[in-house]
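Q: I am new to this structure and would like to go through some of its contacts. Could we begin with how the helices pack?

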Amino acid sequence: MQWFLRLFSRPVTRWPAQTLAVILIAVAIPAFFLPSLALEVDLTEFRSDSSASGQAMSVVEESFIDTGTFVQVVLDAGAEGNVLSEEGIQALYALDEEIVDIVGDDARLDSSGEPWMRSIASATHEIASSRDVDIAQLADPQLRELTLTALRERSDLAELTSTDLDLEQPGARAVVSIVMLDPDLSASEREAVSTRLQDSLDTASTEQLAGFEAMVISESLFEDSIQSATQDEAPLLFGTALIVIIGILGFMFRSVRDTAIGLSGLVLTIVATFGIAGLLGPAHLGITGPMSQLAVLVPVLIIGLGVDFAVHLTTRYREQLESGDRPRRAASRSLHTVGAALVLASAATVIGFGANAVAPLQITADFAIQVAVGILVAFLVMGFLVPAAGVLLDRRKELAPIDADQHELRPDRIMEQPANFALKLPLAGAILALVFGTGSLIAATDLDVSFDRDDFVPAGSHAEELRDRQDHLFGGQLDDVTYIVVEGDLTNPDLVNAMIEAEARLADVDGVATISGEPQVRSVTSMLDMVLTSSETQNEHSIAPSLEMIGWDGSGFTADANLNMVYVALQEQLGTAEFEMFADSELTRTLVQVQTTAGDAGAGALRTALLEAYEPVESAGGSLHITSDSMIMSEMSDELAGFQLQSLGMTLIIVLLILVGYYGVAQRMLSLGIIAMIPAVFSASLLLGTMWILGITVNAVTATMTAIAVGIGVPYGVHVVNRFSEELLMRPDPSAAVRRTLQQTGRAIAGSGFTTLGAFIVLAFANVGPIQQLGLLGAFGIAFALVAALFIMPGVLVFWARRQKLESPKVNI
């Protein structure tokens, strides 16, 4: 350890000015990569392609549809309006015309060369065409009646209306039209089309749209809204945290100079950290992804955690000056005493965050790597900057006469209290900690695990408005769709009949959207009504074969049914482009789209229910692949539950081995390594209990908190153990040692704790739920670690020293 610390002490004491110059140059190098940083919100970041649902989603997107290409336009008549009135019907048709004109060549084209759309208006056009009716020649009442006929004959169209649809006294507040964009468009091009569509509709002068609101909903707009809200909030959180830290440092140091040095170190650390993040990102090394929503946490956490190094180094440097050391000697002593603790502390914190680098979510892993890098950079920057700046600014004191009595240590009345408690009842704090910690661990067994992407929607953002409007009008997100891929011989009547039976069962499945008791399903079998109805009411314009020809007996297909003829007729009615969204050309794989309302939290139960509903399909020889973004999130929740225990266990073991190894070698006292773990273990265990009390679930962010708590808590234990050992070496008196430890290091620990606490409290005011929870839990974690360091550890150390018969450990400092 000493040789490593000499790497710091020699340059800062001999060449302080040159050391500061080297720091600036070293920071400037990674700063070169700052322009390559970019914040990017991608909802697919919450997927895990390694899961069963993730693999099934890949099949859906490769074989059938890319959900990111859909753009939905909601036509809202308002709280008292009716989009199925004559005026509403006119607006509905005018809206489709506007969409076609605005999207233009950026849309996917159907077999007729027109933009592919799914809407009530387009379905009515198809029915009119099959009946040789010219819609343009219809009067308003006739057009309304034809549209209502389409809604009654095509049950699948009901999912395009708001949940208040009433066909007996025709009315609905809102409808949605869906256009599919060209799959070859990039993400940025899709966003541009969606934005252009919304802007154009906002300024549309079409008379029929007057009095109605047109709202564009797409994945790209949703992501852009989240990204904009994140970009707006990041500087606010960073600035607030910086102001809080400046205030705390100013109060602690009572010195503009020392506060400025600590602040300069933070700025250099953040610049270097983000530069390295740019280097590690996709533009260069590709080790991490682009900056995500969690990027707003990185600078705030670096401020809160990185300033600890400045606090401890500055406090010890000033203490050495007060004891009579000249600046160079004071800087050297501060590095060789506090420096050892800072090495262990930074290693523990890096390990605490680094344990999350293998998190099942890529954004969580990237966040952990970025913060771990930031802590390492903060250690290096502060380790050179603080003592070098002190030596340089205090160089005149090198030749000044020393008055050893001018700065006699003044007792700290506040720190006298934990010292007295430790001396009178040395194990009382440990016993209480054991009781509360055990209770927290028991409570943790009842923690819920849930992961809902909606939690990451910033409060007050346009994305939240879209989500709330969807919930209100359509009973859930319009894109809350579950996909069921059925593989098998689609020309086998038994399999198709089984699919029809399974879809009928969906009406009784919780989490499946229904309208008038009918499940909202789109599939080849659900759309057979189009063929069967046409077959039953054949006329000279009909393109469908007769019921007898296709083998339909009224309740199912007969054993000799000609299903190939059915699919040909269905393809003619739907168009090739839409038909291929539900069946492959070999008729061996088909897609079932089920409109659902379970969300991410209820996806696991929904999957189980769907498997039960589709048992007839498996019995008929078909195989199933069920997936949705929500199911992928549900599986992610299960992984997060296991990951929390894994990361916590891995962090505890690695940190314990490091501490026991260090104290075993440096002081020949293995037990000191275990004692140094007390704040970390106490903080992590009580955090689990706190989550249970506050009803905070384990999610993508909170799953990392226990491992982080270990990394944050260990430094407090290391500082107390190191200072107590140092004091005991100079005077083998546990009472004096614990008082001196708390008066000096205790104050520094309290100061650094309050700075970190301030940063986490700032995060508790973020507009994203999981980040708020991280801030709240982080603040509790710091408070628990402080309590353990100041009230539990001193008593344990006094008891330990007394058991050693007041012999000082062989400290190698």
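A: Helix H8 (residues 219-253) and helix H15 (residues 462-474) have axes that come within 7 Å and cross at roughly 135 degrees. Axes here are lines fitted to C-alpha atoms, for helices over the stretch in contact, with angles from 0 to 180 degrees between N-to-C directions. The model is predicted: local features need pLDDT of at least 70, side-chain atom pairs count only at pLDDT 80 or more, and totals for chains, interfaces and linings use all residues. Residues are numbered from 1 along each chain as its sequence is written, and side-chain values use heavy atoms, with hydrogens and water left out.

Q: What does that make H8 relative to H15?

A: H8 is oblique to H15, since angles under 35 degrees count as roughly parallel, over 145 as roughly antiparallel, 65 to 115 as roughly perpendicular and the rest as oblique.

Q: Which residues make the contact?

A: Phe-222, Ser-225 and Ile-226 of H8 meet His-462, Ala-463 and Leu-466 of H15, where contact means heavy atoms within 4.5 Å. By class, the contact of H8 with H15 has four nonpolar, two polar and no charged residues. Ala, Val, Leu, Ile, Met, Phe, Trp, Tyr, Cys and Pro count as nonpolar, Asp, Glu, Lys and Arg as charged, and the others, Gly among them, as polar.

Q: At what angle do H5 and H6 pack?

A: Helix H5 (residues 120-130) and helix H6 (residues 140-153) pack at about 95 degrees, with axes 9 Å apart. That makes H5 roughly perpendicular to H6.

Q: Turning to aromatic rings, how many aromatic pairs are there?

A: The count comes to seven aromatic pairs. Rings of Phe, Tyr and Trp (its six-membered ring) pair if their centres lie within 6.5 Å; planes under 30 degrees apart count as stacked, over 60 as edge-to-face and the rest as tilted. The rings of Phe-32 and Phe-33 have centres 5.4 Å apart and planes at 80 degrees, so this pair is edge-to-face.

Q: Is Phe-32 buried or exposed? And Phe-33, buried or exposed?

A: Phe-32 is exposed, with a relative accessible area of 64%, whereas Phe-33 counts as buried at 17%. Buried means under 20% relative accessible area, exposed over 50%, and partly exposed in between (1.4 Å probe, protein chains only).

Q: Which residues form one aromatic cluster?

A: Phe-682, Phe-780 and Phe-784 do.

Key. Helices (H or I, at least four residues) and strands (E, at least two) are DSSP runs, numbered from the N terminus.
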